[in-house]
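Dear colleague,

Please find below the structure that I am handing over to you. My findings follow directly after it.

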Amino acid sequence: MHTRPPDTRPLTPEQRTLVLETANQVALDILAQKAGLDALQHIVEAAKSLAGAKYAALGIARINGGGLQEFLTAGLSDEQESAIGARPCGRGILGLLLDRNEPLRVDILSQHPAFVGFPSYHPLMKSFLGVPIRRGDIVICSLYLTDKIDGDAFTLADEIAVQALGAHAAVAVHHLHLL
């Protein structure tokens, strides 16, 4: 299994503060202007940018459990989205994140035991960062990022930034469920 152990290099307090402040400001700016799925789409794009990922997605869990009800992406063209076809339902690593408390960083996605493959026409993806987003004891959504643009693995700083955005995504998903 190629799950990355927790990064043992701690961020300096200044680095951690900068990462959290940046992520919080981005999310607050989005939520001040957007609502519903539109706000969540912008959070996905912000996560992609902050973590330096080629691709990002947010999967919203079904309220009664049993997979994903919505799946938003960033980094794929309209043509790629169309060629891939149906949205994921929450199997494999995407489903694993729905039952997990902690983020998951993987160097080689295809070698993780929960990996179930990609549909036809799906771009190959190598590195992975998944962050489950909870409201109370329930995972209500997860942010997924793949392929650092610079080719490196995802870092603790990436994880912290995505978790900070995730806290705001939880509010947006909760409001979406209320609607």
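The lining of the second largest pocket divides into 6 nonpolar, 5 polar and 2 charged residues. This is a predicted model, and the pocket in question has a volume of about 210 Å³. Its lining consists of 13 residues, and those nearest the centre are A61, R62, G65, I138 and V139. Two elements, α4 and β5, each give two or more residues to this lining. The largest share comes from β5, with 3 residues.

The largest pocket has a volume of about 650 Å³. It is lined by 31 residues, of which F71, P88, L94, F118 and H122 are the closest to its centre. Two or more lining residues come from each of β1 (53–61), β2 (68–74), α3 (78–84), α4 (92–98) and β5 (138–148). By class, 21 residues of this lining are nonpolar, 7 are polar and 3 are charged.

As to the chain as a whole, its secondary structure comprises 5 helices and 5 strands. Read from the N terminus, these elements follow the order α-α-β-β-α-α-β-β-β-α. The chain has 179 residues, and 44% of them count as buried. Among contacts between residues at least 6 apart in sequence, 61% join residues at least 24 apart. The chain exposes about 9,500 Å², of which 53% is supplied by carbon and sulfur atoms.

With kind regards

Methods:
Residues are numbered from 1 along each chain as its sequence is written. This is a predicted model: local features need pLDDT of at least 70, side-chain atom pairs count only at pLDDT 80 or more; totals for chains, interfaces and linings use all residues. Side-chain values use heavy atoms; hydrogens and water are left out. On a 1 Å grid over the protein atoms alone, a cavity is a set of points where a 1.4 Å probe fits but cannot get out, and a pocket is an open set with protein on both sides within 12 Å along at least five of seven lines; lining residues have an atom within 4 Å of a point. Grid points are joined across faces, edges and corners, and a volume is the space filled by probe spheres set on the points. Helices (H or I, at least four residues) and strands (E, at least two) are DSSP runs, numbered from the N terminus. Ala, Val, Leu, Ile, Met, Phe, Trp, Tyr, Cys and Pro count as nonpolar, Asp, Glu, Lys and Arg as charged, and the others, Gly among them, as polar. Buried means under 20% relative accessible area, exposed over 50%, partly exposed in between (1.4 Å probe, protein chains only). Contact means heavy atoms within 4.5 Å. Accessible areas come from the Shrake-Rupley method with a 1.4 Å probe; for residues, only the protein chains shown count as cover.
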